[in-house]
Every structure is written in structure tokens, then in C-alpha cells.
Amino acid sequence: GAVVSQHPSWVICKSGTSVKIECRSLDFQATTMFWYRQFPKQSLMLMATSNEGSKATYEQGVEKDKFLINHASLTLSTLTVTSAHPEDSSFYICSVQGRSETQYFGPGTRLLVL
Amino acid sequence: SQQGEEDPQALSIQEGENATMNCSYKTSINNLQWYRQNSGRGLVHLILIRSNEREKHSGRLRVTLDTSKKSSSLLITASRAADTASYFCATDDQAGTALIFGKGTTLSVSS
């Protein structure tokens with residue numbers, strides 16, 4: 001299966017600052033990557049679908065101007081949380097769809113906004 | 001949006017016992033997948049069952065799918081302490097690409 005990495009694994013930032021999270025597909029060229037968010041003791045919620053070379057598709061209720069997604073290459077998608085607020089503190093996970101229907105997940109990035 | 005419910009929300013068993021988790025979903029699907037998540041970590045894919053399959057095995061895992069009831073179950077036999085984790089079912093969305101996750105079952109296996 002695909003190997004997916006995320007960087008950073010955790011980040012603490014001040015309210016009002018922006019944070020960029022990288023998702024890399026290490027051994028698979030991914031035209032599509034997915035970004036999920038997981039609050040403590042809750043399930044994963046899809047935020048957006050990242051498409052290489054085109055605009056991301058956002059789920060209802062997810063602000064596209066706040067969560068900027070860039071999928072500039074077949075191996076890298078970035079999620080930038082702009083003007084972060086404490087309520088944005090969460091666990092952000094990306095995934096890559098492999099050749100079958102299986103999705104391979106990164107290890108996640110824990111964001112804490114103070 | 002979430003597909004549905006998993007039950008139980010939490011399950012505590014002793015090593016060697018079997019653990020059964022159930023998942024229900026709302027819409028028609030192409031396949032259903034089960035994932036495991038250790039605390040604070042990413043997800044590990046366990047097994048995928050297609051809509052035309054009724055049962056699938058992988059090691060100590062057994063998954064069933066009942067599309068008429070829109071439900072699936074995951075059975076872990078002879079559980080080990082290392083099986084302690086949260087388990088999620090996930091179905092494909094209407095576009096057949098992204099995953100929609102259930103709420104998960106937190107399994108605790110004590111030795």
C-alpha cells in the first residue's frame with residue numbers, strides 16, 4: 001500500500017497565526033488526497049478533497065478561505081489553517097487513495113491553538 | 001456528514017476473549033472498510049468488504065456485511081492487549097471516493 005507522511009506531527013501556535021500542514025505520498029503518485037479532522041474522542045470528518053492541479057472540493061460547513069488546500073504535485077498536498085483560533089485545535093489527518101478502493105492515512109498532525 | 005452508528009461505543013474484555021463491533025450505515029455503498037486507530041495516531045486499514053460480499057476473513061479478523069440491513073460487524077478472535085484501540089467502519093461517499101466514518105468503538109483488552 002501507499003506510504004503517507006505528514007509534517008509536522010504536532011504544532012502549537014498562537015491565535016491569529018497561520019499553520020501549514022504537509023501531506024506527502026512517499027511511494028505513490030496521488031492525483032487525489034483527502035483531508036480529515038478529528039476532535040477528541042470523536043470520529044473523522046472529511047474536510048476536503050484535494051485534487052492535483054485543480055481546486056479542492058470542500059465539504060459543507062468547511063470554510064475554504066480558512067482552510068487553504070494546495071495540491072501542487074502528485075506527491076504533496078498542503079493544508080494551511082489561516083488565522084487559527086482555539087476552536088481549530090484538532091487532529092488533522094490526510095489520506096491517499098491507492099490503486100484499489102483502500103485509503104492510506106498519514107500519521108496525523110495535532111494542532112493546538114493557544 | 002457521518003454514515004451512521006457503531007456499537008458498542010466502548011468495549012472492555014479480557015485477553016483471549018472475542019470482541020464484536022457493529023456498524024450501521026444509511027446509504028447504498030460500493031464497499032465498507034474497517035480501520036484501527038491507536039490513541040493519537042493515524043489509521044491503519046484492516047479489511048475491505050465489497051457490497052457483493054457477505055463475509056471476509058483476515059487472520060483473526062472476520063467481517064460480515066448485510067446490505068439489506070445496511071450493517072456490518074467486525075469480529076476479533078482471541079484478542080490481545082495489543083488490539084486495544086479505536087475501530088472505525090467507513091463507507092465510500094456518493095462519488096465513490098472519500099470515506100465517511102462511523103463514530104467508532106473503543107476497545108480495551110486487559111491482560
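Q: What relative accessible area does A:Glu22 have?
A: This is a predicted model, in which local features need pLDDT of at least 70 and side-chain atom pairs count only at pLDDT 80 or more, while totals for chains, interfaces and linings use all residues, and side-chain values use heavy atoms, with hydrogens and water left out. Residues are numbered from 1 along each chain as its sequence is written, with chains lettered from A and ligands numbered from 1 in the order in which they are written. On a scale where buried means under 20% relative accessible area, exposed means over 50% and partly exposed lies in between (1.4 Å probe, protein chains only), A:Glu22 is partly exposed, its value being 23%.

Q: How far apart are the closest N and O atoms of A:Arg24 and A:Glu22 in their salt bridge?
A: A salt bridge requires a side-chain nitrogen of Lys or Arg within 4 Å of a carboxyl oxygen of Asp or Glu. A:Arg24 is partly exposed, with a relative accessible area of 34%. In its salt bridge with A:Glu22 the closest N and O atoms are separated by 3.5 Å.

Q: Which residue forms a salt bridge with A:Asp88, and how many residues apart are the two?
A: The salt bridge of A:Asp88 is made with A:Lys66, the closest N and O atoms being 2.8 Å apart. The pair links distant parts of the chain, since A:Asp88 sits in the loop between strand 8 and strand 9 of chain A and A:Lys66 in the loop between strand 6 (57-58) and strand 7 of chain A, where strands are DSSP runs of E with at least two residues, numbered from the N terminus. The partner is thus A:Lys66, and the separation is 22 residues.

Q: What relative accessibility does B:Asp83 have?
A: The side chains of B:Arg60 and B:Asp83 meet in a salt bridge with an N to O distance of 2.9 Å. This pair also links distant parts of its chain, lying 23 residues apart. B:Arg60 counts as partly exposed at 22% relative accessibility, whereas B:Asp83 counts as buried at 6%.

Q: How many residues does the largest nonpolar core have?
A: A nonpolar core is a set of buried Ala, Val, Leu, Ile, Met, Phe, Trp, Tyr and Cys residues joined through side-chain atoms within 4.5 Å. Among the residues with the most contacts inside the largest one are A:Trp35, A:Phe67 and A:Leu79. Strands that each supply at least two residues of this core include strand 4 (32-38) and strand 9 (90-97) of chain A.

Q: How much area do chain B and chain A bury between them?
A: The contact takes 21 residues from chain B and 19 residues from chain A, and the count of salt bridges between the chains is zero. Buried area is the accessible area (1.4 Å probe) that two parts lose on being put together, summed over both. With 55% of it on carbon and sulfur atoms, the area buried between the chains is about 1,400 Å².

Terms used
Helix = DSSP H or I, 4+ residues; strand = E, 2+ residues; numbered from the N terminus. Contact = heavy atoms within 4.5 Å.
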